[in-house]
Amino acid sequence: MIAGGCRCGAVRYTLAMDDLPAVYCCHCRDCQTGSGSAFAEQAPVREAALAIVKGAVVDFTLPTSNGAISRHFACGTCHTRLYNVNSGRPGLAIVRAGTLDRSDEPSPRLHIWTSRKQPWIVIADDVPQWPESAPMDAFAALFLPGQAAE
Ligand SMILES: [Zn+2]
Ligand SMILES: [Zn+2]
């Protein structure tokens, strides 16, 4: 079982997975502004594998550039954003990888929206990068092997 939580400790979640999920980085403007940082580090998981096991979350919705609606879930106390779901990708939850207890372990497998990347960030040559978003099948192959079917 993989676990994580918010900064204040009020909310804890688990992922019904044996190994840490793979992570990617999104360098788009929305992720920069929304995270207050240079990029967002994200871990796609099946929504059914994610469970809030302690505390109360609040949620809010935002439109995305492709017309879908993204619903974000955050700690009700400290407002750390924990994950989001997207109407264009039913069944998938995008966990904020920095909230994992073992957040120091995964190395990003993919970078997207590098056309908006901050100029000081250097990405290793052997890590795939896309100037804008990556096609869904590129995501599925890297992040959801064997778990996309449901
Ligand atoms: Zn909190
Ligand atoms: Zn983004």
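The legends below describe close-up views of a predicted model.

Residues are numbered from 1 along each chain as its sequence is written, and chains are lettered from A and ligands numbered from 1 in the order in which they are written. Because the model is predicted, local features need pLDDT of at least 70 and side-chain atom pairs count only at pLDDT 80 or more, while totals for chains, interfaces and linings use all residues; side-chain values use heavy atoms, with hydrogens and water left out.

**View 1. The annotated domain, residues 2-121.**
In the UniProt record, an unreviewed entry, the annotation "domain: CENP-V/GFA" covers residues 2-121; positions from UniProt are given in the numbering used here, feature names are shortened, and annotations may be inferred rather than shown by experiment. Over residues 2-121 the chain is 6% helix and 42% strand, and the end C-alpha atoms are 29 Å apart. Helices (H or I, at least four residues) and strands (E, at least two) are DSSP runs, numbered from the N terminus.

**View 2. The open sheet β1-β2-β5.**
Three strands, in the order β1-β2-β5, form an open sheet with antiparallel pairing, where two strands pair if DSSP finds at least two bridges between them. The edge strands, each pairing on one side only, are β1 (2-5) and β5 (50-54). Neighbouring strands of this sheet are turned by 30° against each other on average, direction ignored, with axes taken as lines fitted to C-alpha atoms, for helices over the stretch in contact, and angles running from 0 to 180 degrees between N-to-C directions. Four bridges join β1 to strand β2 (residues 12-15) in the antiparallel sense, and Gly4 stands opposite Tyr13 in β2.

**View 3. Ala51 in strand β5.**
Ala51, which lies in strand β5, has 32% relative accessibility and counts as partly exposed; buried means under 20% relative accessible area, exposed over 50%, and partly exposed in between (1.4 Å probe, protein chains only). Leaving aside residues up to four places away in sequence, Ala51 touches Arg12, Tyr13 and Thr14, contact meaning heavy atoms within 4.5 Å. The C-alpha atoms of Ala51 and Asp137, 86 residues apart along the chain, are separated by 26 Å.

Strand β7 (residues 69-75) has five of its seven residues buried, so it is largely enclosed by the rest of the structure. Strand β6 (residues 57-63) pairs with β7 over seven bridges in the antiparallel sense, and Thr61 stands opposite Arg71 in β7. The hairpin of β6 and β7 has five residues between the strands, and Gly67 in the turn has a positive phi of about 95°. Strand β8 (residues 81-86) runs antiparallel to β7 and is joined to it by five bridges, with Ser70 opposite Asn86 in β8. The hairpin of β7 and β8 likewise has five residues between its strands, and His79 in the turn has a positive phi of about 65°.

**View 4. The aromatic pair of Phe73 and Tyr83.**
One aromatic pair is counted under the rule that rings of Phe, Tyr and Trp (its six-membered ring) pair if their centres lie within 6.5 Å, planes under 30 degrees apart counting as stacked, over 60 as edge-to-face and the rest as tilted. The ring centres of Phe73 and Tyr83 are 4.5 Å apart and their planes are at 10°, so the pair is stacked. Phe73 lies in strand β7 and Tyr83 in strand β8, ten residues apart, and both Phe73 and Tyr83 are buried.

**View 5. The zinc ion (ligand 2).**
The protein donors of the zinc ion (ligand 2) are Cys26 (SG), Cys28 (SG) and Cys31 (SG), lying 2.1 to 2.3 Å from it and spaced C-x1-C-x2-C in sequence. Donors are N, O and S atoms within 2.8 Å of the metal (3.2 Å for Na, K and Ca), and water is not among the atoms, so sites may look incomplete. Cys26 is buried, with a relative accessible area of 5%, and Cys31, at 14% relative accessibility, counts as buried.
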